[in-house]
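Here are my notes on the model you sent over, as numbered points. Have the structure open while you read.

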Amino acid sequence: MKLTKKIIGFMLIASLGGAVVGCSSSNNTQEQDIVASVPEQEESAPEDEKTEDEVTDEKSQPEGEEKTEEVKVEEDTKTDSNKEEVKQEEEKKPETTKPVEKPAEQPAQKPETTKPEANKPVAKPEQKPEVKPEVKPEVKPEVKPEQKPETEKPVETPSMSASELYSKVVTSDMELPSLLEMDSSFFADTYGIDTSILKSYKVQMPMMMVHASEIAVFELKDAGDASKVITGINKRIEGLKAQWGSYLPDQLELVNNYKTATKGNYVIFVVSEYADTIISNFNTNVI
């Protein structure tokens, strides 16, 4: 069946071939395309189909085989003539110039417009503080105070008792009347000094009531109590003046020339013609 369809197709092509000559060039081109496609179809027939045709041909009658061979011969001659006509027509046709492909116009590139940069604040160079050289203080040599020679401190002499001081201020070269030590009861009546403020005391008075000479030495516990001792001495002077004022005027004059001295914790009272010498010895011996 397939083979008969091919034969019918070839016959149609042959009938069309005569009409192709009188047609215009445009129709010729269409026929040429049709003719050209026919042999391609013949060539592109697969081998498998031929084998099937052979099988069908073997089964068909011998008359059909003869007809097909004649048809093939006629088709071959027709196709050859058609090919020659197509070639002649192609030679007569002017070569169609293919349109030259214009290069695609690219849009013109606009120049890049650089935006003006905003006025940025100009960074001022940082002013570094001037590094002043460190002024080191001048190292002055230490002026050590001159070591003053130590002044010799006065040697503290041990405190003297009133009796010891008396023996130093009244010397043996003095021609004094005979004297005796006043007893405590008479001392309290005549001087009125509180003995609790005294560390020691010594009072010498004449043995005979014809002399007014009297020497008293007091050692105080506290030098601040010296005024209390002076008050007691004044009381004793008033008593002596009353005693000698009506009795012996020369002894009253001796009483009026009495001497007193205070130094440190010591107080001395002197009624004597050697009063000045005794006071001098007192200041010398008391440090």
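1. Let me start with what I mean by a patch: residues with over 30% relative accessible area and no salt bridge, where like charges are joined within 9 Å and nonpolar side chains (Val, Leu, Ile, Met, Phe, Trp, Tyr) within 5 Å. Areas come from the Shrake-Rupley method with a 1.4 Å probe, and for residues only the protein chains shown count as cover. A salt bridge is a side-chain nitrogen of Lys or Arg within 4 Å of a carboxyl oxygen of Asp or Glu. With that in hand, Leu-180, Met-207, Met-208, Val-210 and Tyr-247 make up a nonpolar surface patch with about 490 Å² of accessible area together.

2. A word on the source. This is a predicted model, in which local features need pLDDT of at least 70 and side-chain atom pairs count only at pLDDT 80 or more, while totals for chains, interfaces and linings use all residues. Residues are numbered from 1 along each chain as its sequence is written, and side-chain values use heavy atoms, with hydrogens and water left out.

3. Now the overall layout. The chain has nine helices and five strands, where helices (H or I, at least four residues) and strands (E, at least two) are DSSP runs numbered from the N terminus. Reading from the N terminus, the order is α-α-α-α-α-β-α-β-β-α-α-β-β-α. Of the 287 residues, 26% count as buried; buried means under 20% relative accessible area, exposed over 50%, and partly exposed in between (1.4 Å probe, protein chains only). The chain exposes about 22900 Å², with carbon and sulfur atoms supplying 53% of that area. Taking contact as heavy atoms within 4.5 Å, residues 24 or more positions apart account for 61% of the contacts with a separation of 6 or more.

4. Strand β5 (residues 266-271) deserves a look. Six of its six residues are buried, so β5 is largely enclosed by the rest of the structure. Tyr-266, Ile-268 and Val-270 point one way from β5, and Val-267, Phe-269 and Val-271 point the other way.

5. What does β5 pair with? Strands pair here if DSSP finds at least two bridges between them. β3 and β5 run antiparallel and are joined by six bridges, with Glu-219 standing opposite Tyr-266. Strand β4 (residues 259-263) also runs antiparallel to β5, joined by five bridges, and here Thr-260 stands opposite Phe-269. β4 and β5 form a hairpin with two residues between them, and Gly-264 in the turn has a positive phi of about 65°.

6. Next, helix α9 (residues 275-285), where Ala-275 is found. In α9, Ala-275, Ile-278, Ile-279, Asn-281 and Phe-282 are buried. They cover an arc of only 160° around the axis, which puts them on the same side of α9; the arc is that of the directions from the helix axis to the C-beta atoms. Cover for these buried residues includes α5 (162-169), β3, β4 and β5. The face turned away from the buried side carries the exposed residues Asp-276 and Thr-284.

7. Is Ala-275 buried or exposed? Its relative accessibility is 3%, so Ala-275 counts as buried. Leaving out residues up to four places away in sequence, Ala-275 touches Lys-259 and Val-270. Ala-275 and Thr-260 are 15 residues apart in sequence and 9.0 Å apart in space, C-alpha to C-alpha.

8. Finally, the charged pairs. Side chains of opposite charge can pair when their charged atoms come close. How many salt bridges does the structure hold? There are four. One of them joins Lys-259 to Asp-276, with the closest N and O atoms 3.7 Å apart. That pair links distant parts of the chain, Lys-259 in β4 and Asp-276 in α9, 17 residues apart. Lys-259 is partly exposed at 34% relative accessible area, whereas Asp-276 is exposed at 55%.

9. Lys-202 and Glu-181 also meet in a salt bridge (3.8 Å, N to O). This pair too links distant parts of the chain: Lys-202 is in β2 and Glu-181 in strand β1 (residues 179-181), 21 residues apart. Lys-202 counts as buried, with 14% relative accessibility.
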